[in-house]
Amino acid sequence: NVLRVTLPEGMDPITDAVRHNLEFTSLPPPRGGFFPLRMAAEIQASEGKKPHYVETVGKLLFVQPSCEASLVAPSTGDGGSAPFSGDAGNELFVRVILGATLFSEAAGDATLTFELPLGFTCTAAGEAPTNLTIFDGRVPSGRGSLGLGGDEGTWSFVAPAAPAGGRCRFDFGAAQALFRDATIFVAVTVDNPSDPMPRSASGSKWVLQVAGKGEHTSQINTTAANFTASASESLQGAVSVLGRLSEEIIFPSNFAKGAVDNWLSIFFRTEQAVAALGSVWVEAPGHFDFGAACEVGDAGAEYYAAYSAGLTNVSGDPALTLRLPFLGGGSKACRGSQALVEGDDEQGSLGANRAKVYLGSSLEAGARYAFRLRVTNARYYYPEQRDGWWLGTYSPSGVPLDGSLRSARWNEEDLPAPALSWALHDFSSAPPLFGVAIADRRPSGSATKITVFPIVLSVATTGPMQIVAPAGYVWSGGVVYKKKTAALAAGNYVPGAEADLPLTSAPAAPSSAPFNVLAVAGSDIV
């Protein structure tokens, strides 16, 4: 940024009465601009002695500084700790790059402000941690931090007031500078709007505003810069505020380790509508595999009800379950990919544990849907499987819309809580090794006799054991668990049983939810 000129021989001497005008053309300004400043010049004798230094007078030079900002995408694993509408304490990470050096001679001469969309409230800001995934092990010196403490600047927060959202503002301390092209990362904590807001919504604009004096007496605002996304999708121009899926159930047809024919029955209710060519994502725990071209289909016909879209309020009828409208009738509907699993050191062996199911037509807001999805089970059990099944809906451009608040339950009668998803067992029992007979299958709400026979186990076990009925059934007392003997009258034994269940007393009816689960506490079941 220094231009050196050697004056030609034979020039008239420069005096208080003799001046020379030098004109320089086609000098490109700095690409990032600069805040108001004066130019400096120095003249010296040919031998480099007797230098004379001056600064320009009159108007200051100014080229509008550039600046850019982006949000680190929560999909990288960084931020988005509370992504749903109405959530408080949602921590996000912002990357900022300034095209010009920002210097604050006195405290408050320079400011940096994040303007949030309407509905967001900024509650805290500070340094980003050193272990963000986006760093990929290459942590910038000092995290590109703005500093801490009153001597190095302070954060303040402005509550939202329509039509503007909240603001996070950093006032620079005395003699504090942020140099041109330096990259900084800031941790920002916000309270989300009360309603869902996709990041593609017209009102979902995040803006960076920078102000500085340079050598001027007043602050100069840069042109407001909208947050921008990167081609790699690791940086976003906005963040989605998710709606909540509800009634999520994922029930397997095969609990066995390594099973390749496990068809998952999946149920959920939307909060927001999803346009045609959008998608439903299913994420499984590590080492489950949907395959690159996954298989989907309708759930059992008994789950669905006929309805007229023009006459039926799909969100007002809790009993109405709709088919998922697969793209291409299902043949083009599903693609598998790998989703990173936190804490798993063998990511390359995970397989395609994420399935993206594409839609040929739209999903209604507030409607309940069901479908089936084939998965190959992992080869071993680990406890995280009970918290590893997640659902989400996405727009045609891949913007997240609704998501699961917690891992999907496998028993609809369980009250929503963590660690209620299904997990692997050593073996899976099916007819003829396991059978159920119901004396009266009419939906009457009255008591009926249910015979669970046979129960043939692959290996001996010390129990306990559970017998889970479909949702809506309620186990009552009067459990018979013995084989036929001469001493037992009819009705006190199970016909065909070859051994008693090794119990000291009959299982009691459940006293609290889930009422469709009969706990059989025993030992040495062979």
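Is R323 buried, partly exposed or exposed? R323 is partly exposed, with a relative accessible area of 43%; buried means under 20%, exposed over 50% and partly exposed in between (1.4 Å probe, protein chains only). Some notes on the rest follow.

1. Ground rules. This is a predicted model, where local features need pLDDT of at least 70 and side-chain atom pairs count only at pLDDT 80 or more, while totals for chains, interfaces and linings use all residues. Residues are numbered from 1 along each chain as its sequence is written, and side-chain values use heavy atoms, with hydrogens and water left out.

2. The five-stranded sheet. Strands here are DSSP runs of E with at least two residues, numbered from the N terminus, and two strands pair if DSSP finds at least two bridges between them. Five strands make an open, antiparallel sheet that reads β9-β13-β6-β5-β17. The edges belong to β9 (121-127) and β17 (235-236); each has a single partner strand, so one side of each lacks a neighbour in the sheet.

3. β6 (residues 90-98) runs antiparallel to β13 (residues 183-191), with eight bridges between them.

4. First disulfide. The model has two disulfides, a disulfide being a pair of cysteine sulfur atoms within 2.5 Å. One joins C122 and C168, with the sulfurs 1.9 Å apart. C122 sits in strand β9 and C168 in strand β11 (residues 167-171), so the bond ties together parts that are 46 residues apart in sequence. The link is right-handed, with 115° about the S-S bond. Both ends are covered: C122 is buried at 4% relative accessible area, and C168 is buried at 0%.

5. C294 comes from the loop between β21 and β22 and C334 from strand β24 (residues 334-337), so the pair connects parts 40 residues apart in sequence. Here the torsion about the S-S bond is about -95°, so this disulfide is left-handed. C294 counts as buried at 7% relative accessibility, as does C334 at 1%.

6. Cysteine bookkeeping. With the bonded cysteines numbered in sequence order, the pairing is 1-2, 3-4. What about C67, and how far is its sulfur from the closest cysteine sulfur? That sulfur belongs to C168 and is 16 Å away, too far for a bond. C67 is itself buried, with a relative accessible area of 14%.

7. Salt bridges, overall. Side chains of opposite charge can pair when their charged atoms come close. Taking a salt bridge as a side-chain nitrogen of Lys or Arg within 4 Å of a carboxyl oxygen of Asp or Glu, the count comes to 14. E247, R269, R368 and E412 are linked in a network of these.

8. A strand-to-strand pair. E283 and R354 form a salt bridge at 2.8 Å, N to O. E283 lies in strand β21 (residues 279-283) and R354 in strand β25 (residues 354-358), so the contact ties together parts 71 residues apart in sequence. The two ends fall into separate classes: E283 is partly exposed at 24%, whereas R354 counts as buried at 18%.

9. Back to R323. Its salt-bridge partner is D298, with the closest N and O atoms 3.1 Å apart. R323 is in strand β23 (residues 321-323) and D298 in the loop between β22 (296-297) and β23, a separation of 25 residues. D298 is partly exposed too, with a relative accessible area of 32%.

10. D440 is partly exposed at 27% relative accessibility, while R442 counts as exposed at 62%.

11. Nonpolar surface. L3, V5, L7, I14, L22, F24, L27 and I43 make a nonpolar surface patch of about 740 Å². Such patches use residues with over 30% relative accessible area and no salt bridge, joining nonpolar side chains (Val, Leu, Ile, Met, Phe, Trp, Tyr) within 5 Å and like charges within 9 Å; the areas come from the Shrake-Rupley method with a 1.4 Å probe, and for residues only the protein chains shown count as cover. One member, L22, lies in the segment before β1 (34-37) and counts as exposed at 52% relative accessibility.

Technical notes: Helices (H or I, at least four residues) and strands (E, at least two) are DSSP runs, numbered from the N terminus.
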